[in-house]
Amino acid sequence: MTPDEFLKSMKAARKDLEAAEDARDTATLTTMYQHIRAAMPPDLPKINFQAISYTAVTRLLEAEAWDEAAHWLVKFEQGYGPDFYDVEFAHAVLEWHTGNPTHGKTLLQQVYRTHGTLPFRGFERYLAIARDNANALPPHTDTDDTLDIDHPLIQDLTNRINTAMDNEHYTDAIELCRQALHHLDDPATTDGPMWFLATAGEAYFAQGDYQRAHDAFDAAHRAQGGHTNPLVLLRLGECHIEHGNTDTGIEHLIAAHIADPTALEHAEPHHLEPLHQRGLP
Amino acid sequence: MCHLGPVPPNTKVIKGASGFIVKHCGQFFRVPRKLIKHGDTADDVARRLANSGRGLDQLKKLKSPRRHLLGPTPGKLDPTGQHVWRRMARNGDLVDGDGLPLDLDDFGGRDSLRDLTKQDLKRIYVMGEDGPIQLKKCDMGHIEGAVEFWIDRGHRMSPDARKQWMLDLEPPPPGKNYQFTPSSLNRSAGGRNPHRYRDVDPTVHAADVPGWP
């Protein structure tokens, strides 16, 4: 099969693959990807090879089709190299499920320590294993009973969170944010979650837990409205500086200053040192 | 219990970016300038404040950064991401799960592209340095960075004009200065020197007010 013929056959199979993915139909996905793997021409252009192997690994891990996922992981690693964060993550997940769970957990923890929550997007259930801490903010999980932010339950939680934050009961505030986020839909496509993610981030930040604060503000930054919010930009910048990612930290701090000229007044003074050293702002 | 009486509990003087503030039960107060001398540490200011005989009710209250910068309640938000999606899709900057240019007819057609959905985030890819990266692993990034903007012209502009740049509203279309950019966070690379800016005497920046339990 030539590359063009193969890509045409992939396009023809797309709807069936998506249907099997949505239904989490492990048997169908496994069979389809076995055929695709057998038919894949060796001279497929790199971009197609990469995208197809990336999609295959993601789908097969989600469907818990471990054996076929292991076959595709070899190709995924060929396409992106062993240091790519999602390659490392896929190895860790497979080790956790099909190899030595203790070693798998160690690998997941290494991936989290190195790359934060990034590789876990879409696979949030592994975050709990990697973080091994009940106090961590939960990831978004799809539920059938999502509420609008105007719902009285969410508004009640908002009031209780404000009271907890004002009284410096940060652990309580985080737990209440956790409850609210459980009821809201995906932060990337929904109004409201950004506020709860950022408030939880502020609670972690006040506790001096810059790693979890980073994770919460990073999620808030990706949520609707987060990329222009001065508090999110400010704290995300401060967390990056805490982690030694100075250039990224400075970029966020300047963005916070642009979004609100008073934002930097609320920064921890030592987080502003890199700005002062570069004559900014 | 927190209150605003003359002997407030849980009170600290903190050296902030714009001067000394008093933090008390999650509330913030400005320290009067006459109580601050050049070169003061938080310890010096806390001692002078305690000796001044003032109570918290005589200090000017500041808004908490969370309420001030985040906003008091969650709200309905902007659709910038959808504008960015439409622009990048029409420009051919996105590929599908086979690495091929997106077929816009699958998304409602070039002139009437539908909104991005949760499922799309897994099935659409942005070209990164290593190859195609799932949209789910991307962030909204500035095309022109904030630092670059600030150095080039932002420092000369009014706060309102800067904010227009940040919100990407003027001139239209919205979303023109944002793009989906592959995220990157390598803590092991950045974390080689994680506490470079924390190597300071904490009493310079924060101190309890003597006599204020």
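I count two residues as in contact if their C-beta atoms, placed from the backbone, lie within 7 Å. I applied that to chain B: residues 24 or more positions apart make up 64% of its contacts with a separation of 6 or more.

Ground rules next. The model is predicted: local features need pLDDT of at least 70, side-chain atom pairs count only at pLDDT 80 or more, and totals for chains, interfaces and linings use all residues. Residues are numbered from 1 along each chain as its sequence is written, while chains are lettered from A and ligands numbered from 1 in the order in which they are written.

**Chain B**

I then checked burial (20 or more other C-beta atoms within 10 Å of a residue's own, C-beta atoms placed from the backbone). Of the 213 residues of chain B, 32% are buried.

**Domains**

Bounds come from an automatic or database domain assignment. Chain B has domain 1 (11-68) and domain 2 (80-183). Their centres, over C-alpha atoms, are 43 Å apart. Chain A has domain 1 (3-131) and domain 2 (152-277). There the centres, again over C-alpha atoms, are separated by 32 Å.

**Interface**

I found 61 residues of chain B in contact with 74 residues of chain A. On the chain B side, the elements supplying at least two residues each include β1 (11-16), α4 (118-123) and α5 (146-152). α6(B) gives the most, with six residues.

Note on methods. A residue is buried if 20 or more other C-beta atoms lie within 10 Å of its own, exposed if 12 or fewer, and partly exposed in between; C-beta atoms are placed from the backbone. Helices (H or I, at least four residues) and strands (E, at least two) are DSSP runs, numbered from the N terminus.
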